[in-house]
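Subject: Structure handover

Hello,

Please find the structure below, with my notes after it.

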Amino acid sequence: KKPWAMPDLIKPPKTQRLPDIVTVDEAQRLFLATRVLSYRVFYFTLYSLGLRLGEGLALTVADIDLAERVLTVRNTKFYKTRLVPIGAQLAAALTAYYAQRSTLPLPKGQDSAFLCSRSGCRLTYQHVVPLFQRIRSGAGIVCPPGELRPPRLHDLRHSAAVHRVLAWY
């Protein structure tokens with residue numbers, strides 16, 4: 001290096017992996033391959049509403065208003081809260097799940113996790129991500145052409161956005 005040259009202060013940006021957009025058919029296969037109702041509803045909710053994984057895991061019983069068909073997503077990115085309308089198909093799935101959920105423990109009352117395990121405990125990243133990978137594989141959803149890895153759970157959010165825009169178009 002020349003002694004008068006500027007040091008490399010600006011690091012090149014990390015290469016980010018672009019999201020994999022699953023097809024509507026692949027999403028349906030994924031939901032059908034999910035045997036446990038709570039996980040099926042969890043993945044369906046993430047996809048239907050385009051929620052982040054943490055937002056879906058944080059939902060409480062009080063956040064679900066099936067009568068008004070509105071879901072409250074609290075303390076999201078930048079600590080915001082938003083109301084998300086629920087479509088008819090998701091409302092039916094949430095209603096069926098709620099009938100089962102109401103038989104499980106509510107350790108924190110209405111602040112208990114909506115989507116939970118049989119013990120009433122909140123679902124965790126450590127459980128839903130590997131489970132998603134197994135279900136995705138079982139549903140025959142593999143690496144897209146030219147990609148080194150198959151779709152991730154967070155890709156459902158991006159897929160939901162793309163599918164919604166295409167439906168509007």
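Patches are built from residues with over 30% relative accessible area and no salt bridge, where like charges are joined within 9 Å and nonpolar side chains (Val, Leu, Ile, Met, Phe, Trp, Tyr) within 5 Å. A salt bridge is a side-chain nitrogen of Lys or Arg within 4 Å of a carboxyl oxygen of Asp or Glu. Accessible areas come from the Shrake-Rupley method with a 1.4 Å probe, and for residues only the protein chains shown count as cover. One nonpolar surface patch, of about 240 Å², is made by Ile21, Val162 and Leu166.

This is a predicted model: local features need pLDDT of at least 70, side-chain atom pairs count only at pLDDT 80 or more, and totals for chains, interfaces and linings use all residues. Residues are numbered from 1 along each chain as its sequence is written, and side-chain values use heavy atoms, with hydrogens and water left out.

Overall layout

The protein has 6 helices and 3 strands, taken as DSSP runs numbered from the N terminus (helices: H or I, at least four residues; strands: E, at least two). Along the sequence their order is α-α-α-β-β-β-α-α-α. The C-alpha trace spans about 75 × 35 × 35 Å along its principal axes. Of the 169 residues, 37% count as buried; buried means under 20% relative accessible area, exposed over 50%, and partly exposed in between (1.4 Å probe, protein chains only). The accessible surface comes to about 11100 Å², and 60% of that belongs to carbon and sulfur atoms.

With a relative accessible area of 32%, Val162 is partly exposed.

Core

A nonpolar core is a set of buried Ala, Val, Leu, Ile, Met, Phe, Trp, Tyr and Cys residues joined through side-chain atoms within 4.5 Å. The largest one holds 42 residues, of which Phe42, Tyr43 and Val128 touch the most other members. At least two residues each come from helix 1, helix 2, helix 3 (53–58), strand 2 (70–73), helix 4, helix 5 and helix 6. Helix 2 gives the most, with 8 residues.

Contact means heavy atoms within 4.5 Å. Leaving aside neighbours within four places in sequence, Phe42 is in contact with Leu53, Gly56, Leu57, Leu115, Leu123 and Val128.

Aromatic pairs

Rings of Phe, Tyr and Trp (its six-membered ring) pair if their centres lie within 6.5 Å; planes under 30 degrees apart count as stacked, over 60 as edge-to-face and the rest as tilted. The whole structure contains 6 such pairs. Phe31 and Phe44 make an edge-to-face pair, 5.2 Å centre to centre with 75° between the planes. Phe31 lies in helix 1 (residues 24–33) and Phe44 in helix 2 (residues 37–49), so the pair ties together parts that are 13 residues apart in sequence. Phe31 counts as buried at 10% relative accessibility, and Phe44 counts as buried at 15%.

Tyr97 and Phe114 also form an edge-to-face pair, 5.1 Å centre to centre and with 75° between the planes. Both Tyr97 and Phe114 are buried. Phe31, Phe44 and Tyr47 form one aromatic cluster.

Leu66

Leu66 is placed in the loop between strand 1 (64–65) and strand 2. Its relative accessible area is 24%, so Leu66 is partly exposed. Not counting residues up to four places away in sequence, Leu66 touches Ala91, Leu94, Thr95 and Tyr98.

Regards
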